[in-house]
2 protein chains.
Amino acid sequence: MLSKKSQYAFKALTYLSEKYEQGPVLISDIAKKKKIPLKFLENILLELKKAGILDSKKGKGGGYFLQKAPDQITMATVIRLINGPIAMLPCVSLYFYERCSNCNEKVCGLHDMMVEVRDATLNIVDNRTIKDLLVNGKG
Amino acid sequence: MLSKKSQYAFKALTYLSEKYEQGPVLISDIAKKKKIPLKFLENILLELKKAGILDSKKGKGGGYFLQKAPDQITMATVIRLINGPIAMLPCVSLYFYERCSNCNEKVCGLHDMMVEVRDATLNIVDNRTIKDLLVNGKG
DNA sequence: AGCATAGCCCACCAACTCTATAGACTTATA
DNA sequence: TATAAGTCTATAGAGTTGGTGGGCTATGCT
């Protein structure tokens, strides 16, 4: 399941997409409009910034804004950053790989099945961007 | 991610599949062979029993055994039971549905995308059984 | 320079989940 | 009736999640 943090991240990104190239947006504005706890949102936005998805400006007239176009930010990137692995097992993860204890990947039926699930999921989230979250202007 | 509990469950079910229709298997036997903490395994097997997947016999000569054939137990069933929802959002779950707070499912891009992911995943785990975990006799 | 603005950073907390264990209880078989 | 083996309840430590508080730092305006 996606954490609440992830859902907040997507809401914020949706909002920022609507304001893309319209100047910085205040954290407090996002928090209010999307009903996200302000301080929690702060952490999320900062994380997105450090990952190069958002950028910010301090001081008066400052705020957060997208660093790339909405259709250049994949769902997979955001999920991995905020939520963690997409795969259902560490031994099957591309970005968070860890080998199995007590089990040989070469002859593990579960491993093979989870590779299938991973690929089916990636086929979607790698090919969708936060632009796709904008369904007739609402998020 | 699948919890450790889920992985243990699949290991145990794999082992019991290999012994299908060969009489009850001791918890301690499963625990030893599959390197699962015994008391933890106890809870897991009991849960599987209550869900109608396993059955057991007490007393001498007792143990656990599959209640249905390995190819009649879907992966989806076990995952839902031990791990929880398969969907990435409650508002998209078939068996653990909860409506979104602060968001209208009818016009939510994230919702629609997560439906896609859910269906892609279900397409696999609904059509695979624990029999498919038996790759040349190993689990 | 000085002040207000607004993001940055650090530390902390309560609640919950996950993993695991302990011990007493019940039932079945020989 | 002794013993084997599953059942049940409770608990505990570690880690994660969701959230808050307070001070620091950079920016822009006057």
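In this predicted model, A:Thr74 sits in the loop that links E2 and H4 of chain A. Its relative accessibility is 19%, and because buried means under 20%, A:Thr74 counts as buried. The side chain of A:Thr74 makes a polar contact of 2.6 Å with the side chain of A:Thr77. Apart from neighbours within four places in sequence, A:Thr74 is in contact with A:Val125, A:Asp126, A:Arg128 and A:Thr129.

**Helix H1 of chain A**

Helix H1 of chain A covers residues 4–18. At 1.5 Å a residue, its 15 residues should span 21 Å, and the C-alpha atoms at its ends are 21 Å apart, which agrees.

**Nonpolar core**

The largest nonpolar core has 90 residues. Those touching the most other members are A:Leu48, A:Leu54, A:Met75, A:Met114, B:Leu54, B:Met75 and B:Met114. For A:Met114, not counting residues up to four places away in sequence, the residues touched are A:Met88, A:Leu89 and A:Val92, together with B:Leu2 and B:Met75 from chain B.

**Surface near DNA strand D**

DNA strand D is surrounded by 28 residues, of which A:Lys4, A:Lys39, B:Lys49, B:Gly63 and B:Tyr64 are the closest. By class, the residues of this surface are 13 charged, eight nonpolar and seven polar.

| Residue and its N or O atom | Atom of DNA strand D | Distance |
|---|---|---|
| A:Lys4, backbone | phosphate oxygen | 3.0 Å |
| B:Lys50, side chain | phosphate oxygen | 3.3 Å |
| B:Gly59, backbone | sugar or linking oxygen | 3.4 Å |

Elements that give two or more residues to the surface near DNA strand D come from both chains: H1 and H3 of chain A, and helix H3 (38–50), strand E1 (54–57) and strand E2 (63–66) of chain B. H3(B) gives the most, with five residues.

Key:
Residues are numbered from 1 along each chain as its sequence is written. Chains are lettered from A and ligands numbered from 1 in the order in which they are written. This is a predicted model: local features need pLDDT of at least 70, side-chain atom pairs count only at pLDDT 80 or more; totals for chains, interfaces and linings use all residues. Side-chain values use heavy atoms; hydrogens and water are left out. Helices (H or I, at least four residues) and strands (E, at least two) are DSSP runs, numbered from the N terminus. The expected span of a helix is 1.5 Å times one less than its number of residues. A nonpolar core is a set of buried Ala, Val, Leu, Ile, Met, Phe, Trp, Tyr and Cys residues joined through side-chain atoms within 4.5 Å. Buried means under 20% relative accessible area, exposed over 50%, partly exposed in between (1.4 Å probe, protein chains only). Contact means heavy atoms within 4.5 Å. A residue is near a molecule or strand if one of its heavy atoms lies within 4 Å of it. A polar contact is a pair of N or O atoms within 3.5 Å; within protein, one must be able to donate a hydrogen and the other to accept it, and residues adjacent in sequence count only if both atoms are side-chain atoms. Ala, Val, Leu, Ile, Met, Phe, Trp, Tyr, Cys and Pro count as nonpolar, Asp, Glu, Lys and Arg as charged, and the others, Gly among them, as polar.
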